[in-house]
Amino acid sequence: MRRVSGLAALTVALLLPARVHAAAAAFPLALFGNESVATTDGATGFFFNPAAGGLRYPSELTLSLSEIASVEDPRGRAGIEPSRRLVRVAGSSGGFAVGGSDFEGRGHSLFVGLAGGSEALRLGWTGTSLVARGGDHALDHAVGLLSRPQPWLSLGASVAHANRPRIAGERLARTLTLGLGARPFALSPRRAHDWGTRLTVTGDVLLREGDDASAARVCIGGELELVSGIVARGSVEDHGAVEIGVGLYAPRAALHAQSAYDRDRRRRFTTGSLSLHRGEDRSALVAPAARRIAEVRVAGTLGDESLGGFSLFGGDATRSAAPIRLQLERALEDPLTRGVLLDLDHASNMAQLEELRPRIAALRKAGKPVVAYLDGGASRGDLYLAGACDRVVACEAEFAALGLSIERRYYRKVLGDWGLRMDRSSYGPFKSAYRNFSVDSTPPADREVIVHNLDIQQSLLVETLVRDRHLDRGRLLTVLDGRTWPVEEMQKAGLIDSIGYREDARRILGRLAGLSAAPRRVNLLTTTPARRAWTVPAPIAVVYASGEIATGKSGNDLLNGPTLGSETLIRQLEQAFEDRATKAVVLRIESPGGSGLASDRIHHALVRLKRETKKPLVISMGGVAASGGYDIAVPGDRLFADRFTRTGSIGVLFVRPSLEGWFRSHDVRQDTFERGRSMGAWSIGRDWNRESQASADSATYDFYRRFVGKVAEGRSLPWQEVDRVAQGRVWMGEDALERKLVDEVGGLAQAIAEARRRAGVPEGEKIRLAEFRRPRGTLVERLLKDRLGEILERSTHLPEPGAVYYWSDVEIAE
């Protein structure tokens with residue numbers, strides 16, 4: 001089914017016989033054989049419905065040649081002109097397109113198109129410069145809309161000649177086309193995105209402005225993908241015209257041929273088209289040489305989001321693990337990708353790496369081998385991830401510092417030498433945050449937690465590698481003692497299989513995958529699949545909560561780095577819960593806590609949103625979800641933690657710097673006028689006395705009781721039981737499970753599966769995730785002068801004196 005718009009307007013108004021466009025509404029000249037305003041969505045979509053243009057591929061170039069069998073003289077005189085050729089070309093990138101046409105002996109056109117929107121409603125426009133033989137010209141506008149509310153339903157509409165241009169002495173009437181597309185197999189949620197896309201039926205109605213409804217033209221069409229990459233098409237118009245076509249799809253190119261016949265079965269025109277595009281189609285028409293391997297780089301400290309930001313105490317910037325997970329998932333689904341080369345470069349954050357291992361196992365189970373390559377030594381995280389692979393290859397390098405080490409430095413005396421002091425109040429012997437500013441050595445409680453958690457981390461790594469690599473436990477522990485080892489010793493220990501370089505790793509992977517010694521390589525971040533599905537439902541929202549929790553908007557803290565603003569996160573949670581398409585919400589936490597006030601606001605917002613929307617909330621903990629990070633997890637219906645997750649730290653902290661000694665040593669005079677005997681405790685010009693310390697300790701305990709009470713209520717546990725495992729203590733994932741602080745050991749994938757179950761999403765149905773990540777201001781916003789003050793303020797934010805902190809200084813040794 002076709003309608004008159006954009007480039008096609010010239011085809012109808014100038015390039016087809018005058019009798020056709022003057023006497024009756026007509027459909028544009030077809031390219032494929034079943035075009036519809038509801039379904040034609042490549043670059044050619046701009047010819048038929050501007051709103052549908054550019055949807056199928058990220059970018060595309062299409063060229064078509066039509067031969068029109070015979071054309072009636074446009075001047076109305078008797079006789080038949082010889083056949084003529086029509087050339088059309090269009091290029092699109094996203095929602096932008098340009099193109100043109102040339103009709104032999106009749107004229108030519110140039111057009112530009114824009115389209116954008118969501119699956120629910122997409123709008124489009126084309127503007128076409130029409131130039132007739134003899135030099136007469138006009139500008140023609142067309143508009144369209146497209147809605148794809150379900151995987152099986154597509155609705156389209158377009159208006160051609162919206163501005164009613166005049167050309168060749170005739171004003172073109174507006175033409176409305178309404179179209180409906182249906183995919184019967186997609187009615188099954190489980191089959192909607194594989195078999196569901198193979199059969200499409202369409203129906204379009206075209207009516208020209210001023211014509212009676214009885215003059216409307218109707219066309220019924222359809223297409224069937226017989227085998228992957230081979231498509232048969234056809235359509236029938238109400239006046240008896242028939243069109244048939246076939247399409248042959250390779251991953252990055254397609255050929256189309258189509259012929260049209262009138263009611264007397266005389267050929268009207270024949271069209272051949274070539275499409276070159278980014279975005280790969282699945283096809284059986286693939287040569288063995290097209291098969292390839294994917295190379296995936298895993299480096300640095302992984303996190304849920306890429307976080308930088310300056311802080312006085314340093315700390316690694318994190319790199320988002322999401323692109324790595326995406327590439328591994330695409331490698332599993334992509335039929336051309338036959339194996340994966342993991343390029344490991346000192347990766348860390350064991351909880352994030354633990355969540356990558358099941359994806360590697362899935363690839364291996366599907367017959368797609370995975371080879372790890374270590375270039376320049378390795379970290380413990382590299383060895384942990386490499387242990388899940390089929391083969392491990394390392395170049396000539398030294399392997400050093402593979403043990404665990406935590407160093408705690410104490411600054412009370414040096415601060416005292418400078419006249420500085422950090423007054424502090426906390427409840428629970430294990431609440432250690434900022435304690436290194438107020439004591440001179442590690443207390444027994446802190447020592448107990450550090451030693452216990454180091455033992456767990458060591459055990460998890462050792463037991464996993466012994467099992468996966470069939471290693472001798474004693475020899476492995478020797479390698480992990482912190483010394484420097486040559487690559488040959490690593491091979492003897494069984495931690496690597498081969499010594500070589502990247503090309504050697506590729507050769508080994510090629511052999512395992514049944515490919516050549518120098519297999520084709522692909523970057524699966526830039527090589528995306530073609531968009532065949534009309535819509536992919538998003539019933540699960542995932543909200544990411546990363547960084548130190550603070551009041552206000554997300555920013556950066558001078559002491560602790562990136563902050564998670566309560567205003568920012570609550571706004572995202574409200575959007576997630578209140579979206580009618582969302583059936584369940586997953587809150588992914590990667591935070592050591594922070595402001596008690598901000599944590600409480602987030603906690604309250606979660607309880608309120610659950611009550612108001614009746615939607616389930618599932619919690620997924622990353623590398624750390626402690627103190628305030630645990631507080632915001634408590635409202636969840638089910639809590640998941642990785643084995644390497646650090647959580648708990650249920651406790652409260654007051655911290656306040658004092659400059660009294662510095663003022664005194666520098667002869668700074670301070671006169672104080674106050675009402676209230678305890679006001680001096682809030683001044684940075686006074687050290688706490690015994691009364692101030694006792695008052696702070698009492699307030700701290702009150703906040704602690706309320707914190708424990710919230711946990712007891714949220715976890716349905718007695719207050720005393722929570723109190724026993726609280727006390728500010730950090731627990732690893734399996735320890736937390738034993739103490740009922742979490743419900744299950746598992747990663748983000750398991751949490752999403754639980755959310756699907758609670759939302760009633762059928763098993764096997766393909767969905768997409770509605771993700772809410774840390775917002776970034778626009779470039780203009782970041783450069784505006786009136787924002788500089790706010791940016792500076794957020795970048796130099798120090799702990800507020802006397803503020804309540806649910807903070808955990810989680811030791812990380814990886």
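**Notes on the predicted model**

1. Residues are numbered from 1 along each chain as its sequence is written, and side-chain values use heavy atoms, with hydrogens and water left out.

2. Back to the rings. Rings of Phe, Tyr and Trp (its six-membered ring) pair if their centres lie within 6.5 Å; planes under 30 degrees apart count as stacked, over 60 as edge-to-face and the rest as tilted. That rule gives 10 aromatic pairs. In one of them, tyrosine 434 and phenylalanine 437 sit 6.3 Å centre to centre with 35° between the planes, a tilted pair. Elsewhere, Phe47, Phe48 and Phe111 are linked into a cluster by ring pairs.

3. Because 7 of its 7 residues are buried, β29 is largely enclosed by the rest of the structure. In a regular strand the side chains alternate between the two faces of the sheet. Here Ile540, Val542, Tyr544 and Ser546 point one way, while Ala541, Val543 and Ala545 point the other way.

4. Which strands does β29 pair with? Two strands pair if DSSP finds at least two bridges between them. Strand β33 (residues 584-591) runs parallel to β29 and is joined to it by 7 bridges, with tyrosine 544 opposite arginine 588. Strand β41 (residues 769-772) is also parallel to β29, with 4 bridges, and there valine 543 faces phenylalanine 772.

5. Finally, check two loop residues. Glutamine 727 isn't a glycine, yet has a positive phi of about 60°. You'll find glutamine 727 in the loop between α17 (719-725) and β39 (730-732). Is glutamine 727 buried or exposed? Its relative accessibility is 16%, so glutamine 727 counts as buried. Lysine 740 has a positive phi too, near 65°, and lies in the loop between α18 (733-738) and β40 (744-745). At 44% relative accessibility, lysine 740 counts as partly exposed.

Note on methods
This is a predicted model: local features need pLDDT of at least 70, side-chain atom pairs count only at pLDDT 80 or more; totals for chains, interfaces and linings use all residues. Buried means under 20% relative accessible area, exposed over 50%, partly exposed in between (1.4 Å probe, protein chains only).
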